[in-house]
Amino acid sequence: MNTPPILEARNVSRFFGKFKALNNVSVSFRAGELTAIIGPNGAGKSTFFNVISGGVPPSEGQVLFQGRDITGIAPHDFARIGIAKSFQITNVFKQLSALENVRVALQMRVSRFQLLRPRQAYEELLHQAGALLSRVGLTASRDKLAGDLAHGQQRSLEVAMALACDPKLLLMDEPTAGMSPEETTVMMDLIRQLAAERTVILVEHKMKMVMGLCKRLIVLHHGELLVDGNPDEIRANAEVKRVYLGQG
Amino acid sequence: MKNFIISFFVLARAHRVATALLFLLVFPFLMPYDALSVNILIFGLYAVGFNLLFGYTGMLSFGHAAFLGVGSYLAGISVVHAGWPWWAAILVGVAASCVAGAVIGFMAIRTRGIYFSMVTLALAQIVYYVFYKAEGWTGGENGLRGVRVESINLPGIQIDFINPLNKYYVILAFVALALWFVSRVLNSPFGAVIESIRENEKRAAACGYDVARSKLLVFVLSAGICGLAGALRALHLSIVPIDSLHYLQSGQAVMMCLLGGMGTFFGPFVGAAVFLYLEDVVTNLTRYWMGAVGVVFMVFVLFFPKGIWGTLMHQIERWQRRTGGPA
């Protein structure tokens, strides 16, 4: 095992005033794995997600990507080094068409501060955007405004936008939040396909959903790492039952 | 008939700079007097510059008078105190407002929403007082007088700049150039970046765009366009009134944009034209022009939030969808 883990959190903590949302969490993720971070409400899942995805810097500790320290780098640098994310609350460009949403996301690879060339000069981006939309099943809605799409479609669109930077690591914060059962099935299939070709880390509240999806689960509780193991180990763990399953 | 209107607007949108230019070429003949046309031209450009920031990037500045004023004063000072030719005055005015835009923008983009508006307002007020107090350079309360440019000398031709219609066409040349530039920027990849920032800053950053730098750049561009409007105004009026820097002037940019339709290419120009034309008509009838502005403003905010041009475009698009007309 000479290759460094794709992502590593070393003794990461995050405080909000006196409140410790994350307390000394150390986890590493191997390339190619599909991992879920789970835990009851207030476990620190979203804070952990934000720390590893550039939403907030950790108060203490380090985050390493492929062995390189990325603690505190700017949010826009994440996409450039190959970490993409989809948010818990959908963030798309509502007044732009679905196709334009993905095109803008793709454009980052070729041009950020080009002022005088027309957009049409980058024609290949439109083809790539079309391909990404078909990947997430939105071909029929490509010309609709993103804001007019159904909730599940907006989430799929966000995934297409995240894929636009061809990330090595895809981070997803509750990808099925607010989705209907049908939409959830579609999204889970999509996640399975994506995990076959790149590293995916999910943050999820619904434990049942990730049990059948991921080989590795990490349980957070009160901002601390509780258990790290495969679904069977998690299911058998008494601590997990107490803090998580026991609730519902 | 409907199809004809649709085709017309589709064509106008596809060739927006040419359309604007054609219209502006005949515009003085539609207006009661030439000075009003020149005014509309200058404030149209001012509103276009403001719209780049407000309409396209979603940042509501309440301090854009600073850039109009700095452009005006520095162009004026170049002529009055330095004795420089008209073209140098314009260059200095634009450069100075770009610098002012970089400084004010650098501080203001750290904030969002109402705080951004307040910071721009406060910084613009500082600019106002600096120019107000620097009487030796700016003439203080009386404004800077004697920005005399009587003729425009170009290799081969000499244009009499006193004649108002000539003045209009000389200024139009600069306005056309600026409109072409703005249109290019909006149609560029960077134009897509600023729109995406307006739509969702978080997502724009997650896509890999440096939001702060993009905002600063568009702020400077916007300031430069407004500065050009200011410099042209100094040459047009041959004085620079201190009102150029007043916050009412900043408010006017907001008003013109909302009236015409923010985030559209032609909207700010339409807004400026309607605003100044109404001002001209109403002030002849009553002293209470500001009251009329208030009423018009409220009607638009309540019933036509897309503004005149925006509402028109919306209607045309609906027709287009219904008739399946030319896309």
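How many residues of chain B are in contact with chain A, and how many of chain A with chain B? The legends below take that question first and then visit other parts of this predicted model.

**View 1. The contact between chain B and chain A.** Here 22 residues of chain B meet 28 residues of chain A. On the chain B side, the elements that give two or more residues are α8 (164–187), α9 (189–199), α10 (201–206) and α11 (211–237). Look to α9(B) for the largest share, 7 residues. By kind, the chain B residues that touch chain A divide into 11 nonpolar, 5 polar and 6 charged.

**View 2. An open sheet in chain A.** Follow the strands in the order β2-β1-β4-β5 of chain A: these 4 strands form an open sheet with antiparallel pairing. The edges are β2 (19–29) and β5 (68–69) of chain A, each of which pairs on one side only. Strand β1 (residues 7–16) of chain A is joined to β2(A) over 7 bridges, in the antiparallel sense. A handy landmark is A:Arg14, which stands opposite A:Leu22 in β2(A).

**View 3. Two positive phi values in chain A.** Strand β1 of chain A holds A:Asn11, a residue that is not a glycine and yet has a positive phi of about 45°. A:Asn11 counts as exposed because it has 12 C-beta neighbours inside 10 Å, and 12 or fewer is the cut-off for that class. Is A:Glu174 buried or exposed? With 21 C-beta neighbours inside 10 Å, A:Glu174 counts as buried.

**View 4. Helix α13 of chain B and its cover.** Helix α13 (residues 267–285) of chain B has 19 residues, which at 1.5 Å a residue should span 27 Å; the end C-alpha atoms are 27 Å apart, so the two values agree. Buried residues in α13(B) include B:Gly267, B:Pro268, B:Phe269 and B:Val270. Further along α13(B), B:Phe275 and B:Leu276 are buried too. What covers the buried residues of α13(B) includes α2 (16–26), α3 (34–54), α12 (247–260) and α15 (307–323) of chain B.

**View 5. The largest nonpolar core.** This core has 175 residues. Those with the most contacts inside it are A:Val102, A:Ala160, B:Leu41, B:Tyr46, B:Ala47, B:Ala66 and B:Ile171. Among elements, α11(B) gives the most, with 14 residues. Domain 1 (1–82 + 169–248) and domain 2 (91–166) of chain A both give residues to this core, so it lies between them. Leaving aside neighbours within four places in sequence, B:Ala66 is in contact with B:Ala100, B:Ile104, B:Leu123, B:Ala124, B:Val127 and B:Leu245.

**View 6. The surroundings of B:Ala204.** You will find B:Ala204 in helix α10 of chain B. B:Ala204 is buried because 26 other C-beta atoms lie within 10 Å. Not counting residues up to four places away in sequence, B:Ala204 touches B:Val193, B:Ser196, B:Ile197, B:Tyr209 and B:Val211. The C-alpha atoms of B:Ala204 and B:Ile194 are separated by 8.9 Å, with the two residues 10 apart along the chain.

Technical notes
Residues are numbered from 1 along each chain as its sequence is written. Chains are lettered from A and ligands numbered from 1 in the order in which they are written. This is a predicted model: local features need pLDDT of at least 70, side-chain atom pairs count only at pLDDT 80 or more; totals for chains, interfaces and linings use all residues. Two strands pair if DSSP finds at least two bridges between them. Two residues are in contact if their C-beta atoms, placed from the backbone, lie within 7 Å. Ala, Val, Leu, Ile, Met, Phe, Trp, Tyr, Cys and Pro count as nonpolar, Asp, Glu, Lys and Arg as charged, and the others, Gly among them, as polar. The expected span of a helix is 1.5 Å times one less than its number of residues. A residue is buried if 20 or more other C-beta atoms lie within 10 Å of its own, exposed if 12 or fewer, and partly exposed in between; C-beta atoms are placed from the backbone. A nonpolar core is a set of buried Ala, Val, Leu, Ile, Met, Phe, Trp, Tyr and Cys residues joined through C-beta atoms within 7 Å. Domain bounds come from an automatic or database domain assignment.
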